[in-house]
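Good morning, and thank you for the time.

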Amino acid sequence: MQRIGVFVCHCGSNIAATVDVKKVAEMALMEPGVVHAEDYQYMCSEAGQALIAKAIQEKQLTGLVVCSCSPRMHETTFRRAAERAGLNPYMVEIANIREHCSWIHKDMEEATKKAVILMRAAVAKVNLNTPLKAGESRVTKRALVIGGGIAGIQTALDIAEAGYKVDIVEKTPSIGGRMSQLDKTSRPKWWRLRPMKISPSIHTARWRRSPALWAILR
Ligand code: SF4
């Protein structure tokens, strides 16, 4: 059984003005495996990281959930803090209650309800996580495209144009997908009207010059 710590960040008023952070921490204590939960003003600050390290050591935590901002901002910060305190960094999960809750909701009750759901999902993930070891392996810069329809062919061409070797795998005897079964294709009517979206002046000029456009619209 994991011993999980949940840390709920206020981000000043960025989160705390819209999400009831104390309630999220309280609810966390009811989740399986959670032995510690607290909220703090700025979890990514030196003091916030020290608080996490202290809890890891004192409560012998085996996993962490930080309810804060996007993992793109501070996942590495928290993983490094956990590692310094002796915890495997891959036992840290982030619940993004800022971008996904407080920044997009006005109603505190709704935002808090969602924050609790995200926290619970992250706790469930940590309960199933196992410590990982980072490693390196050689990579062959070559792509495999599954499916030789139009999308597959175009993808392969784009990758090849970017300078990489590419292989297409197709289960049928020929490539081309549905398109290869058609003997005629034509542009849809709206295609000719595209200039209208790009530039109203071009559209107006063409309109005046081309009475055929009237026919297309009818
Ligand atoms: S961890 Fe993220 S949400 Fe918390 S104070 Fe830092 S930037 Fe704000």
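**Ligand shell and helix packing**

The shell around the ligand comprises eight nonpolar residues, three polar and one charged; here Ala, Val, Leu, Ile, Met, Phe, Trp, Tyr, Cys and Pro count as nonpolar, Asp, Glu, Lys and Arg as charged, and the others, Gly among them, as polar. Among the residues surrounding the ligand are Cys9, Cys11, Cys44 and Cys69, together with Met43, Met73, His74 and Arg98. A residue belongs to this group if its C-beta atom, placed from the backbone, lies within 6 Å of the molecule.

This is a predicted model, in which local features need pLDDT of at least 70 and side-chain atom pairs count only at pLDDT 80 or more, while totals for chains, interfaces and linings use all residues. Residues are numbered from 1 along each chain as its sequence is written.

Now to the helices, which are DSSP runs (H or I, at least four residues) numbered from the N terminus. Helix H2 (residues 46–59) and helix H3 (residues 71–84) have axes that come within 9 Å and cross at roughly 40°; axes are lines fitted to C-alpha atoms over the stretch in contact, and angles run from 0 to 180 degrees between N-to-C directions. Gln49, Ile52, Ala53 and Ile56 of H2 meet Ala81, Ala82 and Arg84 of H3, where contact requires C-beta atoms, placed from the backbone, within 7 Å. By class, that contact has five nonpolar, one polar and one charged residues.

A second pair is helix H1 (residues 21–28) and helix H5 (residues 108–128), packed at an angle of about 35° with axes 10 Å apart. From H1, the contact draws on Lys23, Val24, Met27 and Ala28, and from H5 on Thr112, Ala115, Val116, Met119 and Val123. Seven of these residues are nonpolar, one is polar and one charged.

Finally, just after H6, Gly163 takes a positive phi of about 100°.

Methods: Helix = DSSP H or I, 4+ residues; strand = E, 2+ residues; numbered from the N terminus. Contact = placed C-beta atoms within 7 Å.
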